[in-house]
Amino acid sequence: MRQNAGRMLFGGRGGRYSFKVHRSCAGVVEYGMGEMTFDVLVIGAGPTGLACAIDAQRAGLRVVLVDKGCVCNSLFHYPAHMTFFTTPELLEIGDMPFSSPNQKPTRSEALEYYRKVAEHYDLDIRQYHRVESVSGRDMQYVVHMVDRFGRAVELRSRKLIVSTGYYDLPNHLGIPGEDLGKVAHYYNEPHPYYGLNVLVIGGKNSAAIAALDLWRHGAKVTLVHRGAEMHRHVKYWILPDINNRFKNGEVTGYFESTVSEITEDTVVLQTPSGEVILANNFVFALTGYHPDFEFIEKLGVKLDLEDDRVPVLNEATLESNVPGIYLAGVIVAGERTNEIFIENGRFHGGLIAKDLAEKLLAVAV
Ligand SMILES: Cc1cc2nc3c(=O)[nH]c(=O)nc-3n(C[C@H](O)[C@H](O)[C@H](O)COP(=O)(O)OP(=O)(O)OC[C@H]3O[C@@H](n4cnc5c(N)ncnc54)[C@H](O)[C@@H]3O)c2cc1C
């Protein structure tokens with residue numbers, strides 16, 4: 001493995017921070033651990049976490065990111081051939097242009113882009129480190145992690161930014177048979193389902209896109225949705241496509257309907273005309289995801305139970321009720337996961353960095 005070693009100076013304050021760096025062959029910078037205390041530790045290296053780290057670093061702070069998976073781990077797990085709904089410039093972070101020949105970039109392009117941005121800013125990213133808990137207090141936090149092999153790792157930081165997203169925890173249906181191996185809450189590729197009976201549960205973009213992709217690649221697709229029609233948030237260029245498939249009988253749609261049971265060979269639907277039992281080989285339950293509220297509460301952050309479990313925080317700075325712990329990205333909206341995406345979450349870093357600089361650099365002088 002090729003390794004470049006060097007000495008890294010962080011800008012803004014005349015190279016106040018200086019330490020040894022190693023660049024792995026994958027291009028991710030790894031710093032010697034030592035006993036150093038970081039100014040800011042960002043939990044979650046998704047688009048929001050990267051944007052927060054860049055803004056904090058540009059303010060002159062010493063920053064480290066940790067992620068339980070790879071850089072942009074959630075995007076990595078999106079459907080292999082997905083296309084974003086957003087034009088490239090609205091996904092940009094760190095003032096780095098995102099150029100794409102496509103009006104809407106693909107998952108691969110986005111992964112390339114965010115990796116390049118991380119490399120450009122020499123971000124210190126500890127991949128495959130899952131944060132299990134946090135101890136200490138403001139200015140003296142200790143973040144407890146485990147690596148891929150279950151080994152314990154600790155990092156110290158004055159402040160924390162939590163940008164852990166929502167894609168790890170699917171909304172479960174709570175019905176018999178949901179735990180069967182043929183049921184998935186994530187859709188990836190259509191090829192394994194050729195000629196088979198596939199049920200897609202859900203009425204939003206993910207369900208519509210998966211149903212269309214499966215049908216176009218030879219699966220026999222049924223979609224079931226509890227609403228009277230596909231959700232109003234389905235993108236304007238996807239909606240006529242899926243609705244025409246229903247009209248032509250190419251995809252069978254059951255609306256105002258729910259799934260009550262899944263067995264090895266069937267699915268049981270409750271429809272306005274009564275119970276329907278369908279032969280079935282695979283189920284994609286694409287009914288959304290939610291942030292890890294347990295993790296957030298374990299940090300001491302309060303959730304507003306009257307308001308979709310929105311975390312209690314200062315809207316101007318995104319600092320939570322726990323001093324020194326900031327929240328960023330989709331988790332800021334609690335259960336309303338359709339309110340914050342990359343397009344608007346990427347600006348959270350600016351708000352947080354401003355507050356951090358005022359607090360930390362004032363302390364340091
Ligand atoms: C199919 C699909 C298409 C989408 N298309 C668009 C679009 O076109 N435009 C748009 O703006 N948005 C889009 N979104 C939404 C957007 O991708 C998310 O809102 C965005 O990824 C949220 O960014 P984030 O950084 O807050 O969270 P994430 O991208 O989810 O990043 C969170 C990171 O935290 C890490 N993490 C979680 N827990 C821990 C832990 N305990 N320890 C360490 N690391 C942890 C995860 O591994 C992950 O890398 C789409 C979403 C989906 C599912």
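Visitor: How do the residues of the shell around the ligand divide into nonpolar, polar and charged?
Guide: They divide into 15 nonpolar, 11 polar and five charged. Here Ala, Val, Leu, Ile, Met, Phe, Trp, Tyr, Cys and Pro count as nonpolar, Asp, Glu, Lys and Arg as charged, and the others, Gly among them, as polar. This is a predicted model, where local features need pLDDT of at least 70, side-chain atom pairs need 80 or more, and totals for chains, interfaces and linings use all residues. Residues are numbered from 1 along each chain as its sequence is written, and side-chain values use heavy atoms, without hydrogens or water.

Visitor: How many residues surround the ligand, and which are the closest?
Guide: 31 residues surround the ligand. The closest are Asp 67, Ser 74, Tyr 78, Phe 85 and Thr 86. A residue is near a molecule or strand if one of its heavy atoms lies within 4 Å of it.

Visitor: Which helices and strands supply at least two residues of that shell?
Guide: Helix H1 (47-58), helix H2 (73-76), strand E7 (130-137) and helix H7 (342-345) each do. H2 has the largest share, three residues. Helices (H or I, at least four residues) and strands (E, at least two) are DSSP runs, numbered from the N terminus.

Visitor: New topic. How many aromatic pairs are there?
Guide: A search of the whole structure finds 14. One is Tyr 78 with Phe 84, a tilted pair at 6.5 Å centre to centre and 50° between the planes. Rings of Phe, Tyr and Trp (its six-membered ring) pair if their centres lie within 6.5 Å; planes under 30 degrees apart count as stacked, over 60 as edge-to-face and the rest as tilted.

Visitor: Is Tyr 78 buried or exposed?
Guide: Tyr 78 counts as buried, at 16% relative accessibility. Phe 84 is buried too, at 8%. Buried means under 20% relative accessible area, exposed over 50%, partly exposed in between (1.4 Å probe, protein chains only).

Visitor: Why is the pair of Tyr 167 and Tyr 186 edge-to-face?
Guide: Because their planes are at 75°, with ring centres 5.0 Å apart. The two are 19 residues apart, and the pair links distant parts of the chain. Tyr 167 is buried at 8% relative accessibility, while Tyr 186 is partly exposed at 29%.

Visitor: Which ring does Lys 104 lie over?
Guide: Trp 237, at 3.7 Å from the ring centre. The charged end of Arg 148 sits over the ring of Tyr 128, 5.3 Å from its centre. This needs NZ of Lys or CZ of Arg within 6 Å of the ring centre and within 35 degrees of the ring normal.
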